[in-house]
Amino acid sequence: MKKLLLTTFLISCFTNFLLSQTYNLYEISFDNRVHHEARIKAKFLKLENKVLEVRMSRSSPGRYAVHEFAKNVYSVRATDSKGNELPVTRPNPHQWNVSGHDGTVIFEYTLYANRAGGTYSGIDETHAHLNIPATFVWARNIRHRPVRVKFNLPEGSNWKVATQMKDLGNNTFEAKDTYYFMDSPVEAADLHMRERKIDGQNIRLALHTTATAQEVDAYFEEVIKIVEQQKAVFGELPRFDYGEYTFLSCYVPNASGDGMEHRNSTFVVSSKPHDRPLGNTSMGTMSHEFFHAWNVERIRPASLEPFDFEDANMSGELWFAEGFTSYYTNLFRARSGNMSAEDYVNGLGGAVNYVMNAPGRKYFNPIEMSYRAPFVDAASSIDPDNNANIFISYYTYGSVLGLALDMMLRTQDNGKSLDGYMRHVWQTHGKTEIGYSVRDLEARLEEYAGEAFAKSFFAQYIFKSEMPDYAGLFHKMGVIFEDPNPNSPTLGAFVRVNNGVGRMVQNAIVGSPMYEAGIESEDEIISIDGKPLADFKGRNIDELIGDRKPGDVVEVEIDRWGKRMTKKVTLAADKNLRTRWDNNADAAAQKRREEWLKAK
């Protein structure tokens with residue numbers, strides 16, 4: 001009886017605690033959705049007797065650059081609990097200060113949203129695709145409070161709401177605080193819904209598309225196979241909040257292709273035409289983003305915590321967080337059978353060749369490339385940059401380093417692999433949700449593969465910009481890595497020809513023939529080796545020098561700001577290393593290759 005009374009007392013206390021919570025309340029309506037507008041009301045209660053600072057975010061979880069979301073907020077008004085108009089001032093472009101309130105502020109505004117992607121929001125007659133920082137304001141000093149948001153769905157629309165927030169019924173959802181709210185994207189549409197229990201947790205697909213139910217069924221089965229292969233690497237799924245993970249997928253012509261990870265969900269977006277079969281649309285992105293449920297969301301760089309919604313977020317670990325995730329993206333597709341192992345292998349060489357030959361390695365190592373994310377991660381500016389020469393995407397750079405580390409571990413033939421290392425990092429940093437630094441990653445590799453191995457790998461390839469012996473490693477894995485046309489001549493530039501005039505699509509690459517000849521992207525190219533571009537009908541200007549050989553000198557006629565001149569260009573050998581399946585690999589290499597690529 002005492003135990004029953006104690007239980008009843010605890011339940012009563014917990015109920016009273018919940019009832020005593022003060023929520024930040026939101027309501028959103030879509031009456032003018034045909035013109036991409038939503039009307040939003042935010043209600044902040046039990047406020048201190050001081051100015052309420054209402055903010056629009058400038059950054060978004062999963063993005064590292066600044067985005068000016070406040071530019072699409074207008075028709076702002078604020079009232080108190082009695083409906084009295086309150087004065088609103090603007091201390092900066094991203095903030096509204098509300099004074100003179102009675103402890104309650106009702107803040108209303110119109111949002112314009114016309115870019116359905118991972119970072120922005122898109123509203124029209126077919127859906128409301130809402131990235132929360134691009135949609136909802138929040139108030140400083142009360143971000144710790146739980147949040148409730150009510151979606152007033154258009155009458156007769158058949159829209160359903162999908163999100164990682166807790167479903168309270170009646171199209172009302174709850175987040176434990178503003179941080180979780182900002183990290184919880186929403187897709188409201190006439191959705192295809194599919195779900196599957198895996199180890200007691202729900203894996204859910206909420207797909208906005210015109211595809212048939214049968215296509216969606218087949219698509220979901222492919223997704224589940226990838227989920228299972230990823231789980232096999234770590235030995236378990238993450239513990240999802242509310243026991244559920246949701247793929248918020250939007251494949252419509254007016255969407256903006258993108259993928260964005262969140263703690264218990266992801267936005268995966270494609271501008272798929274209505275008449276194109278669903279097939280494997282964005283399947284690589286689905287694989288990439290789900291892997292982030294471990295690597296980024298829980299195996300998380302300490303540099304990204306706490307996430308700053310008011311400024312850019314810089315991390316030196318993106319080569320691992322994004323890059324190693326990119327390495328695994330198609331590997332899981334191969335292991336699950338979504339793509340053939342041979343196709344996977346044959347597609348590896350392009351990224352390796354690019355990083356090996358990129359001049360950017362002379363300027364920055366992978367850590368410093370990661371630091372540049374706020375300048376390149378969907379960041380926009382109008383002044384030209386020199387990224388063609390100084391930057392290598394941390395996605396690509398990290399992916400080829402992940403590939404190298406995997407092959408280096410596997411070719412020791414002692415049972416080690418990148419899978420094992422990732423599981424070790426999961427156990428030490430992911431399950432515990434203890435943030436990591438680059439030095440922590442080095443320490444975990446020491447524990448897993450030995451001190452000498454770890455120190456050598458990090459010293460050469462992470463803290464410096466050296467390149468592993470890819471040809472030797474590939475050979476031991478049953479893969480050929482070579483240039484199929486080693487003596488092909490090249491000008492070392494991609495030129496787009498319009499109306500008989502050519503222009504390089506990016507700055508001349510350091511060390512390339514065009515760079516050494518003093519030709520730049522602003523120059524108009526008139527002829528190459530005596531052949532006018534006005535007569536050129538091909539795709540690659542190297543076709544104009546196909547009868548030449550590396551070392552030959554050709555003349556390139558250009559127009560620079562109205563002045564014609566001729567430059568002498570010494571042709572180089574095209575560096576175009578590619579991978580292909582080795583049908584004649586020895587038994588040891590075949591065994592390693594099979595273990596690497598087989599389903600787990």
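Is Asn24 buried or exposed? I looked this up and found that Asn24 counts as buried, because its relative accessibility is 2%; buried means under 20% relative accessible area, exposed over 50%, and partly exposed in between, with a 1.4 Å probe and protein chains only.

I noted that the model is predicted, that local features need pLDDT of at least 70 and side-chain atom pairs pLDDT 80 or more, while totals for chains, interfaces and linings use all residues. Residues are numbered from 1 along each chain as its sequence is written, and side-chain values use heavy atoms, without hydrogens and water.

**Entry: Asn24**

I placed Asn24 in strand E1 (residues 24-29); strands are DSSP runs of E with at least two residues, numbered from the N terminus. I found that the side chain of Asn24 reaches the backbone oxygen of Ile142 at 3.1 Å. I also listed the residues that Asn24 touches (heavy atoms within 4.5 Å). Not counting residues up to four places away in sequence, they include Lys43, Phe44, Arg145 and Thr178.

**Entry: first sheet**

I traced an open, antiparallel sheet of four strands in the order E5-E6-E3-E10. Two strands pair if DSSP finds at least two bridges between them. Strands E5 (88-92) and E10 (138-139) are the edges, each pairing on one side only. Three bridges join E5 to E6 (residues 95-98), and Val88 has Val98 as its bridge partner in E6.

I read the order E8-E9-E15-E12 for another open sheet of four strands, with antiparallel pairing. Strands E8 (122-123) and E12 (160-163) each have a single partner strand, so one side of each is left without a neighbour in the sheet. Four bridges link E12 to E15 (residues 186-189) in the antiparallel sense, and Lys160 stands opposite Ala189 in E15.

Technical notes: A polar contact is a pair of N or O atoms within 3.5 Å; within protein, one must be able to donate a hydrogen and the other to accept it, and residues adjacent in sequence count only if both atoms are side-chain atoms.
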